[in-house]
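Here is a short report on one protein model. Sequence and coordinates come first, then the reading.

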Amino acid sequence: MGDSIIVALIGLAGSGLGSILGVLVSSKLTTYRVEQLEKQVAKHNNLIERTYRLEERTELQEEKIKVANHRIDDLERKVET
């Protein structure tokens, strides 16, 4: 009976150690994947910010073009008269 208890304890220790190592490896993998996702989100957010800045620049350039076109029209009217 003593041998079976020793074998059971060894099995218990092995199962416990295996479970603990499995949890640690899973935790490391989860942490790694979260870090990778954070990097991708940061890149995406940077892209969004750049897009907003480009849209603002585009609106400003369009406004400048409108003003320039009005000035050209005014000058053309003055030259015609």
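L17, I20, L21 and L24 make up a nonpolar surface patch with about 400 Å² of accessible area together. Patch members have over 30% relative accessible area and no salt bridge; nonpolar side chains (Val, Leu, Ile, Met, Phe, Trp, Tyr) are joined within 5 Å, like charges within 9 Å. Areas follow the Shrake-Rupley method with a 1.4 Å probe, and for residues only the protein chains shown count as cover.

This is a predicted model: local features need pLDDT of at least 70, side-chain atom pairs pLDDT 80 or more, while totals for chains, interfaces and linings use all residues. Numbering runs from 1 along each chain as its sequence is written, and side-chain values use heavy atoms, without hydrogens and water.

I20 sits in helix α1 (residues 2-80). Helices (H or I, at least four residues) and strands (E, at least two) are DSSP runs numbered from the N terminus. The protein has one helix and zero strands. Its radius of gyration, 35 Å, is well over the 12 Å that the globule rule gives for 81 residues, so the protein is more spread out than a compact globule. The radius is taken over C-alpha atoms; the rule is 2.2 Å times the number of residues to the power 0.38.

Exposure classes are buried (under 20% relative accessible area), exposed (over 50%) and partly exposed in between.

| Residue | Relative accessible area | Class |
|---|---|---|
| I20 | 51% | exposed |
| D74 | 39% | partly exposed |

Of the 81 residues, 0% count as buried.

The whole structure holds one salt bridge (Lys or Arg side-chain nitrogen within 4 Å of an Asp or Glu carboxyl oxygen). R77 and D74 form a salt bridge at 3.0 Å, N to O. Both lie in helix α1, three residues apart, about one turn of the helix.

Note on methods: Buried means under 20% relative accessible area, exposed over 50%, partly exposed in between (1.4 Å probe, protein chains only).
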